[in-house]
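Let's take a walk through a protein chain together.

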Amino acid sequence: MSYAVKEMFLTLQGEGRHAGRRAVFVRFSGCNLWSGREQDRAGALCRFCDTDFVGMDGDGGGRFADAGALAGAAAALWGGDRAGAYVVLTGGEPLLQVDPPLIAALHGAGFTIAVETNGTIAAPDGLDWICVSPKAGNAVVQRSGDELKLVWPQPGSDIEAMEGWDFRHFLIQPMDCADADAARDAAIALVMARPKWRLSVQAHKLLGLR
């Protein structure tokens with residue numbers, strides 16, 4: 001299988017429980033909840049995405065012929081010493097493409113593998129860290145993992161039901177939107193009212209990182 005990648009780069013993880021950790025980000029092209037085209041946003045199943053995942057023209061992006069080629073490119077970005085090597089598979093929706101051969105190749109290159117998914121596709125075995133970010137109105141089939149990260153506010157989200165899912169960490173992240181102050185206040189209010197959740201912020205945007 002070949003892999004369509006929008007971009008691949010070395011940075012710091014900007015959000016969630018691993019915020020501040022050095023990581024290679026592999027952003028896969030495509031998503032099952034939005035085409036990525038602005039003209040389609042109003043009718044999309046997810047309307048608030050702030051990421052460009054269309055095409056393969058970003059830095060480090062392209063069509064990788066096989067799992068070994070993609071893992072090799074990620075390893076080259078990390079550098080020679082693989083101690084603590086960490087790769088984040090994101091998108092778009094990475095689980096449209098992530099498969100057992102890629103997981104094996106990345107492990108073979110020395111990486112701990114994290115995935116950031118909308119949860120509508122079951123995760124394959126072998127991933128080391130699963131972060132699910134549900135989108136209201138869409139059925140979540142991946143109801144277990146390491147981190148549940150809910151962008152807030154999202155009308156229609158069943159918070160009580162989510163609290164029964166099998167995750168180690170429950171995070172609320174303010175939506176990056178036109179009324180960011182109100183989103184931040186709403187996220188803080190939810191965490192204050194429901195202490196099972198913790199606040200997550202997009203630190204990479206505050207720091208000027210990708």
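Helices (H or I, at least four residues) and strands (E, at least two) are DSSP runs, numbered from the N terminus. With that in hand, find Gly-92, which sits in the loop between strand 4 (86-90) and helix 2 (100-108). The peptide bond leading from Gly-91 to Gly-92 is cis, and its omega is near 10°. There is another cis peptide bond to look for, joining Trp-152 and Pro-153, with omega about 5°. Pro-153 belongs to the loop between strand 7 and helix 3 (159-162).

Before going on, a word on what you're looking at. This is a predicted model, where local features need pLDDT of at least 70 and side-chain atom pairs count only at pLDDT 80 or more, while totals for chains, interfaces and linings use all residues. Residues are numbered from 1 along each chain as its sequence is written, and side-chain values use heavy atoms, with hydrogens and water left out.

Now zoom out. The chain has 5 helices and 9 strands, and from the N terminus on they come in the order β-β-β-α-β-α-β-β-β-α-β-α-β-α. The C-alpha trace spans about 45 × 40 × 35 Å along its principal axes. How does the radius of gyration fit a compact globule? It is taken over C-alpha atoms, and the globule rule is 2.2 Å times the number of residues to the power 0.38. For 210 residues that rule gives a value near 17 Å, and the chain has 17 Å, so the two agree.

Next, what's inside and what's outside? A residue is called buried under 20% relative accessible area, exposed over 50%, and partly exposed in between (1.4 Å probe, protein chains only). Buried residues make up 50% of the 210 residues here. As for contacts, the word means heavy atoms within 4.5 Å. Of the contacts in the chain with a separation of 6 or more, 57% are between residues 24 or more positions apart.

In soluble globular proteins, nonpolar side chains tend to be buried together. To track that, we use the nonpolar core, a set of buried Ala, Val, Leu, Ile, Met, Phe, Trp, Tyr and Cys residues joined through side-chain atoms within 4.5 Å. The largest one here has 43 residues, and Phe-111 and Trp-197 have the most contacts inside it. Helix 1 (residues 67-78) supplies the largest share of this core, 6 residues. Apart from it lies another core, of 8 residues, including Phe-25, Tyr-86, Ala-114 and Cys-131. Leaving out residues up to four places away in sequence, Phe-111 touches several partners, among them Val-24, Ala-71, Trp-78, Tyr-86 and Leu-106.

Start at Lys-6 in strand 1 (residues 3-12), which counts as buried because its relative accessible area is 6%. A polar atom of the Lys-6 side chain lies 2.8 Å from the backbone oxygen of Val-54. Lys-6 also touches Arg-27, our next stop.

Arg-27 is in strand 2 (residues 22-28) and is buried as well, at 11% relative accessible area.

Asp-146 touches Trp-129, Phe-167 and His-169, among others.

Finally, the cysteines. A disulfide is a covalent bond between the sulfur atoms of two cysteines; here it is taken as a pair of cysteine sulfur atoms within 2.5 Å. How many disulfides does the structure hold? The count is 0. For Cys-49, the nearest cysteine sulfur is that of Cys-46, 5.7 Å away. Cys-49 is partly exposed, at 21% relative accessibility. Cys-131 is buried, at 2%, and its sulfur is 14 Å from the closest cysteine sulfur, in Cys-46, which is too far for a bond.

Note on methods. Polar contact = N/O pair within 3.5 Å; in protein donor to acceptor, adjacent residues only side chain to side chain.
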